[in-house]
Amino acid sequence: QVQSVKSEILKGNIGYIRLTSFNDNSSDQIEKQIKKIKKNEKVNAFILDLRNNPGGLLSQAIKISDFFLENGEIVSTKARKKNENRKWFAKKGDITDGKTLLVLINYGSASASASEIVAGALKDHKRAIILGENSFGKGSVQSIIPLKNNGAIRLTVAKYYLPSGKSISEVGVRPDIEVNEEGDNFRIKTETDNQLNYAIKLLNG
């Protein structure tokens, strides 16, 4: 099992959850960590860190978005043929009980756009404040078609759309609050992490 989730409590009252990739048990790990953090009654806000997350499974992106939403569309895909279009919706139940949520994204939050789906859905439903840099804008659904010569073709078969109707591939996800990485020695979750420091200040403002 690949551990793709790290969590801790910052400043005594902020549940910090960092998702390093979307693999097939990421949502279970996140659910466990949120439940663990919630045992601390002082926690009144959560930070979900999706920076430098290379993406992964659509199913996990949908499950993770759903943890924080009570209802509404999460994401849709549009293909060439109308009958291949799909939509996914949130089920009732926000496992954080509606606590303040801040999502960190950057240009590295891309690939198969799992991070962009989560950030975009939470932004469009005004469920989270998105902070950081514009995401990459991957936004396409690809299938790999094997060829007889042992090669393969990677073909874009559909595109991802946010609840607002915007295509991820054209714009990426724009943060509500733009904070760029500062300095060459920027490292996530160290003293040089000005984006996380800004987020903590904002929540404890």
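Glu73 counts as buried, because its relative accessibility is 14% (buried means under 20% relative accessible area, exposed over 50%, partly exposed in between; 1.4 Å probe, protein chains only). The model is predicted: local features need pLDDT of at least 70, side-chain atom pairs count only at pLDDT 80 or more, and totals for chains, interfaces and linings use all residues. Residues are numbered from 1 along each chain as its sequence is written, and side-chain values use heavy atoms, with hydrogens and water left out.

The side chain of Glu73 forms a salt bridge with that of Lys87 (3.4 Å, N to O). A salt bridge here is a side-chain nitrogen of Lys or Arg within 4 Å of a carboxyl oxygen of Asp or Glu. This pair links distant parts of the chain, with Lys87 in strand E5 and Glu73 in strand E4, 14 residues apart. Helices (H or I, at least four residues) and strands (E, at least two) are DSSP runs, numbered from the N terminus. Lys87 counts as exposed, because its relative accessibility is 52%.

The whole structure holds 10 salt bridges. One of them joins the side chains of Asp97 and Lys38 (3.3 Å, N to O). Asp97 lies in the loop between strand E5 (86-89) and E6, Lys38 in helix H1, and 59 residues separate them. Asp97 is exposed, because its relative accessibility is 55%. Lys38 is partly exposed, because its value is 32%.

Arg51 sits in the loop between strand E3 (45-49) and helix H2 (58-67). Its relative accessibility is 0%, so Arg51 counts as buried. Asp49 is buried as well. The side chains of Arg51 and Asp49 meet in a salt bridge (2.8 Å, N to O). Salt bridges that share partners join Asp49, Arg51 and Asp193 into one network.

In soluble globular proteins, nonpolar side chains tend to be buried together. The largest nonpolar core has 37 residues. Such a core is a set of buried Ala, Val, Leu, Ile, Met, Phe, Trp, Tyr and Cys residues joined through side-chain atoms within 4.5 Å. Ile30, Leu48 and Val103 have the most contacts inside this core. At least two residues each come from strand E2 (14-19), helix H1 (26-38), E3, H2, strand E4 (73-79), strand E6 (100-105) and helix H3 (114-124). H3 supplies the largest share, 6 residues. Another core, of 13 residues, lies apart from it and includes Tyr16, Leu102, Leu104 and Leu196.
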